[in-house]
Amino acid sequence: MSSVTAPAQSGVVGKFSNYLDERTSISGAVKEFGRKVFPDHWSFLLGEVALYSFVIILLSGSFLTFFFQASMTPVHYEGSYVPLKGIEMSAAMASTLDISFDIRGGLLMRQVHHWAALLFVASIGLHMLRVFFTGAFRKPRELNWSIGFVLFVLAMAEGFTGYSLPDDLLSGNGLRIIDGMVLGLPVVGTWITFLLFGGEFPGNDIVGRLYSLHILLLPAFVLIFIVLHLMFVIIHKHTQYPGPGKTEENVVGFPVLPVYAAKAGGFFFLVFGVVALIAATVTINPIWNYGPYDPSPVSAGTQPDWYIGFADGALRLMPPHLETYWFGYTWSWNIIIPVLVLVLFLAAAFAYPFVEAWVTGDKREHHLLDRPRNAPVRTAIGAAGVTFYAVLWAAASSDIIATHFKVTMEGVINTLQILLIIGPIIAFMVTKRIALALQKKDREILLHGFETGRIVRLPGGEFIEVHQQLDAYDRWQLVSYNDNAPIMLRPNPKGKITGGMRMRASLSRFFFEDRIAPVTENEYKLALEHSHH
Amino acid sequence: MRKNMSDNKAQRRRGRRGPIASVALILVGLVATGGAYAAFSSASANAAVDLTSPAVIEEGQKLFAANCATCHGQQAQGTENGPSLIGVGSAAVDFQVGTGRMPMQMSGPQAEQKPVQFTDEQTQALAAYVASLAPGPSIPTASQLEGGNVSNGGELFRINCAMCHNVAGAGGALTEGKYAPELTGVAAVHVYEAMLTGPQNMPVFNDLNLTPEEKKDIISYLSYIEENPSAGGIQLSNLGPVSEGLFLWIFGLGAIVALTVWITAKSN
Amino acid sequence: MAKNENGTADIVPAGSAEVTGTGVVSPDAFTNPGLPPHRPRITDLDPKAAKRAERVVYWLFYISIAASVFAVYAYMFFPIEPENIHSVRMNTLYLGLGIAFSLLAIGIAAVHWGKAVMADKEAIDYRHPVRGTEETRARAVEIFRESDEESGFSRRTLIRNGLIGALIAFPLPAIALFRGLAPMDQDPNNLLKHTMWKKGTRLTRDPQGTPIKASELTIGSAFQVIPEGLVDLPEHEMLDEKAKAAVLLVRLKKEDLNWTSAERESWSYDGIVAYSKICTHVGCPVALYEQQTHHLLCPCHQSQFDIANECAVIFGPAARPLPQLPITVDAEGYLVATSDFTEPVGPSFWERSK
């Protein structure tokens, strides 16, 4: 059978399309995806910001690799920056200075790269918060949450390896801290640092090794996980906020071609433009101030980039003297505890969707998002997590908080130590109360209408404010949410109640015992009749 | 001059915290780069007063008795409230009084920099009186403050000073509410005197530790970085990754979130 | 017991609890009113506004072209001059502004085009369950069953277990290869426990390497110190050694120093003491010395050490005092070490107390 048919279209475009399709069957893809619908909401663009920053990082990073030398070979700097002339430093540092001071546009590209890196991690964080607080991680998207989580960790690893490459004083002290942290790990610490640094700290190898990770291995993984992540977005279709006309079975929005392509495509240029604008006007990582790495000096206010701050803060908040000698070995609790805290915190974030799925036992697919108020306990858990992270983060700048608010650094650290424990608890309770109060307010508005501000005087002389009922669309907005109630503890088919069942029941009570059910039609009718009396 | 300088500085600092998305900020960036040349000035030692003249010393003694003796004692021998000043030299007096740290208004974690209380002549007279009590480090001359080796100064600065004052001289925290002050805008002569005398909790860097030549190098380095603001643009107070992170979250992500709202809002 | 704040809805989950779990679906819930009526935009109603929007879009594209051209112009006419930082500033600024405005103009134009000019028609896609259809799933199971049958994967257990074993064993050589990341003939434990200091090594200034006489330290002085001979080492060895051997040398009034033993006191010389600068927490240089309080502060994690009390930890995450370097003076009056540190310097490690 011959499949050759006459070109569907004449003209250059038609001929070219035909040429392409006969070799790629691309028309199928266009048919499948060209009119795929994407819902429109500002918070759905945060993941795109992350994707676009990654593209910006790839572009600017490739430019930088043409000039950067990932070598710790000592050289005497002879470039343009006067205060470092004649100083001995590594080739990595010298070439970074050359990029900054001797290559046109080099400093701009360095700053684009670094600002975009900060934006990359920040937008991933914000995107994760959006997904968490709207419950977008529920079935069928749990695995995509895991993939996204891996991307978050990879992004931090990319950031840290990049931060260390110029071999300046700041990044060198950062590596020194990593070295000290790993050394403190039980059993394997000493050997891991020895292998990582190719001998003693700082050694001669670390920059080259981090460079292969930074430009080869890690970006490859990031790319693979981005592809997986986006593939699942296509398979699942995007979630949408609840509203009139929106159901679990449909997606309401704009088609990829042309509107979404214009908006999302335009947004890439906007993100790039904002990064370029910041890079043109604001200094980032002025390595010429820090000077080359030398184990003796250090600068006041030595901090990592923001996304490593929570780890640095965890180290800072440990009280003194936490070290023991057991069985002839040294147990550095001042390292082990913060590392455990961080690992557990990240593990909790990773596992949350699976835990919630287990507790609810809900096997339905959820494509309609929750408004945060309609899942009070989840929202409260999120707020507690954010508070915990924020306290660790603030702790990483304890010295700068002290000088800028004219308080003592000891006071700042002691306060944060207390806040780290009680802050999340307070945040949990307050957030849960606020969410429940907002739900009550929604009920109130639904049942009794909203205040119009119009005061009328009744024939009897009484003044009342006229309340107006919502229209059907606004009403739907307030009643269409997922309602959950705790599970009843009932024996399984074997007539037994297992420990797991008990735990699940008590967790489901923890989640759903304070519950405000959506208004039903009958309730609404009753309220209406009541108000007409 | 000093007043002028701090005004100029305050103006730049406000500019840094302005909204980035606006064009105004670019203008501020331009002002910061260009204008900073004008901002720097190194007040040099005032050599007009002869510190050994008995008349000057006598005037200094009177000023001392009226303003300093309550804490430091009538003969500058020190009391419970203030250390002995015998042997601290004219450099210490010129630094403490010339930067407004002395006379102290109240006790706190450390003596704060305040508006200067005395005229130059009065400060010199006080210095002359204290110097006459016992030999000590003396006020450096103008030739000790200029023309040093910038890159050597940078290296010495990083090793001896940056741990407290930050690599860019932006200052930093010490224990119990004390801090190492910012060095931008500090007159070269005062930097020199501080190294020489080790005011308050700052260690002493005598001439056998950092030679006069090396001190000059350090001062030249500080003037260089002050005269040549960052090639990258607004410096965010030189506080490093903390201010960069805050800037990115507030202005970078702020601008981008504003854009996402605009993109998804219905056109009207 | 579960509270229900409004009392009417069911406490026990309705519908099939197998599927909904804790989810409650009220039989009496509101029904979805469907999409609200379409609201036209100004550009749909007013042809003038539509025209204006169109103009804005193409003008923005023209502005973008101009900005790109400006960026190239800036590249050529704001060159970098050697040793002129201001020229770097101008090059970065104008090139960056040109690029930024060219990108922003494209972005604003495209988005505005999409929002105001393109057809404003909401579209609806229908979802299908993510799981495959029953038929597909049955076929998939069938395929696995058939291939198991044909290969004998679960029947021929010796083959299968052999495969699993081989797959576990084959990456082992890769792990062994990692040993080569660090020199084969060295033991990190040995390296971490020794520094360059030994009996008679002079204390010298960092970075000059000049020896220091005891008489050169006045009370309140702080010297950054490296061992004699360090500056003559090849660069990378020098950094490795400096990372362990850096010392802070200070002089206090003798009566301000408290000692736990006469032996410890003998490690000082006339109020002059030398302590390792490498923090016992994670290794930052602890060099912030307050001469009046005699406190040492680490700028990385705010550990504080009290020099007056053998560098005991008084605040922050560090666990151990900074190690002291025993010193004395030689015949010429120069400060020298009387031995290496008596304990490993820097951060703790597993085998430290061995």
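Predicted model: local features only at pLDDT ≥ 70, side-chain atom pairs only at ≥ 80, totals over all residues.
Residues are numbered from 1 along each chain as written, and chains are lettered from A in the order in which they are written. Local features need pLDDT of at least 70, side-chain atom pairs count only at pLDDT 80 or more, totals for interfaces use all residues, and side-chain values use heavy atoms, without hydrogens and water.

**View 1. An open sheet in chain C.** Five strands lie in the order β3-β4-β5-β6-β11 (chain C), with antiparallel pairing. Strands are DSSP runs of E, at least two residues, and helices are runs of H or I, at least four, numbered from the N terminus; two strands pair if DSSP finds at least two bridges between them. β3 (203-205) and β11 (324-325) of chain C are the edge strands, each pairing on one side only. Three bridges join β3(C) to β4 (residues 222-227) of chain C, where Arg205(C) stands opposite Val225(C).

**View 2. Strands pairing between chains.** β4 (residues 250-255) of chain A pairs with β2(C) in the antiparallel sense over four bridges. Tyr126(C) is the bridge partner of Asn250(A).

**View 3. The contact surface.** In contact (heavy atoms within 4.5 Å) are 119 residues of chain C and 146 residues of chain A.

**View 4. A salt bridge across the interface.** Lys242(C) and Asp294(A) meet through their side chains at 2.8 Å, N to O. A salt bridge is a side-chain nitrogen of Lys or Arg within 4 Å of a carboxyl oxygen of Asp or Glu; the count between chain C and chain A is four.
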